[in-house]
Amino acid sequence: MERTLAILKPDCVRKNLTGKVLQHIIDAGFKIVGMKMISLTPDTAGGFYDVHRERHFFTDLVVYMSSGPCIPLILEKENAIADLRTLMGATDPREAEEGTLRKLYAESKEQNIIHGSDSPESADKEISYFFSGREIVSLTR
Ligand code: ATP
Ligand code: MG
């Protein structure tokens with residue numbers, strides 16, 4: 001079973017979309033095996049998006065991601081990484097497919113409500129950025 005890291009970003013929490021987005025994810029067959037609510041600091045937000053450090057939008061991205069509480073999630077499913085990216089839709093909601101989370105709820109390319117890992121390597125790295133082994137539940141017990 002594959003795991004991916006999602007984050008319900010600060011705009012998702014602020015706009016009271018948490019319940020709707022979680023239900024959408026659960027209805028699509030994902031199991032939640034890790035979940036917490038935290039406020040990122042500019043440093044922890046910047047560390048998470050370190051690959052984008054040289055991009056023009058990096059400063060705005062850090063301000064946005066540290067603007068309020070967010071909800072990191074570990075999601076489990078066959079093909080979880082690609083399937084979550086499909087469920088999320090394109091980075092820019094104007095380009096996202098109908099029915100995707102970003103098309104339904106996101107306001108702009110900058111503020112797009114949800115993050116999802118883009119490869120097995122980033123999923124492993126991102127899961128351990130937010131969760132220790134003890135914070136991941138086993139669904140077989
Ligand atoms: P995420 O990594 O959050 O799942 P993504 O993989 O769809 O999103 P990335 O290219 O990794 O997109 O960009 C990370 C985040 O940085 C985007 O989700 C968005 O919030 C912001 N971002 C990306 N491109 C731009 C841009 N051109 N202008 C402003 N913000 C941007
Ligand atoms: Mg990305």
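The largest nonpolar core of the structure has 20 residues, and Leu 8, Val 21, Ile 25, Leu 73, Ile 113 and Ile 114 have the most contacts inside it. A nonpolar core is here a set of buried Ala, Val, Leu, Ile, Met, Phe, Trp, Tyr and Cys residues joined through side-chain atoms within 4.5 Å. Buried means under 20% relative accessible area, exposed over 50%, and partly exposed in between, with a 1.4 Å probe and protein chains only. At least two residues of this core are supplied by each of strand S1 (2–8), helix H1 (10–14), helix H2 (18–27), strand S4 (69–77) and helix H5 (80–88). Helices (H or I, at least four residues) and strands (E, at least two) are DSSP runs, numbered from the N terminus. H5 gives the largest share of the core, 4 residues. A second, separate core has 17 residues, including Val 33, Leu 40, Tyr 64 and Ile 74. In soluble globular proteins, nonpolar side chains tend to be buried together.

The model is predicted: local features need pLDDT of at least 70, side-chain atom pairs count only at pLDDT 80 or more, and totals for chains, interfaces and linings use all residues. Residues are numbered from 1 along each chain as its sequence is written, chains are lettered from A and ligands numbered from 1 in the order in which they are written, and side-chain values use heavy atoms, with hydrogens and water left out.

Contacts (heavy atoms within 4.5 Å) were listed for several residues, leaving aside neighbours within four places in sequence. Leu 73 is in contact with Thr 4, Leu 5, Ala 6, Leu 8, Leu 22, Ile 25, Ile 32, Gly 34, Met 35 and Phe 131. Cys 70 lies in strand S4 and is buried, with a relative accessible area of 0%. Among the residues in contact with Cys 70 are Ile 7, Leu 8, Lys 9, Pro 10 and Val 13, as well as Lys 36, Met 37, Ile 38 and Leu 40. The C-alpha atoms of Cys 70 and Glu 98 are separated by 25 Å, and the two residues are 28 residues apart along the chain.

Glu 76 is also found in strand S4 and counts as buried at 15% relative accessibility. The side chain of Glu 76 makes a polar contact of 2.8 Å with the side chain of Arg 3. A polar contact is a pair of N or O atoms within 3.5 Å; within protein, one must be able to donate a hydrogen and the other to accept it, and residues adjacent in sequence count only if both atoms are side-chain atoms. Glu 76 touches, among others, Met 1, Gly 29, Phe 30, Val 33 and Leu 139.

Ligand 1 is surrounded by 15 residues, the closest being Lys 9, Tyr 49, Arg 85, Thr 91 and Asn 112; a residue is near a molecule if one of its heavy atoms lies within 4 Å of it. Polar side-chain atoms lie 2.6 Å from an oxygen atom of ligand 1 in Thr 91, 2.8 Å in Asn 112 and 2.9 Å in His 115. Asn 112 is located in the loop between helix H6 (101–105) and strand S5 (114–116), and is buried at 2% relative accessibility. A polar atom of the Asn 112 side chain lies 3.4 Å from the backbone oxygen of Lys 109. Asn 112 is in contact with Lys 9, Asp 11, Tyr 64, Thr 91, Arg 102 and Ala 106.

The structure holds 4 aromatic pairs. Rings of Phe, Tyr and Trp (its six-membered ring) pair if their centres lie within 6.5 Å, with planes under 30 degrees apart counted as stacked, over 60 as edge-to-face and the rest as tilted. The pair of Phe 48 and Tyr 49 is edge-to-face because the ring planes are at 80°, with centres 5.0 Å apart. Tyr 129 and Phe 130 also form an edge-to-face pair, at 5.3 Å centre to centre and 80° between the planes. Tyr 129 is partly exposed at 36% relative accessibility, whereas Phe 130 is buried at 9%. Phe 48, Tyr 49, Tyr 129 and Phe 130 form one aromatic cluster.

The charged end of Lys 36 sits over the ring of Phe 131, 4.8 Å from its centre; this requires NZ of Lys or CZ of Arg within 6 Å of the ring centre and within 35 degrees of the ring normal.
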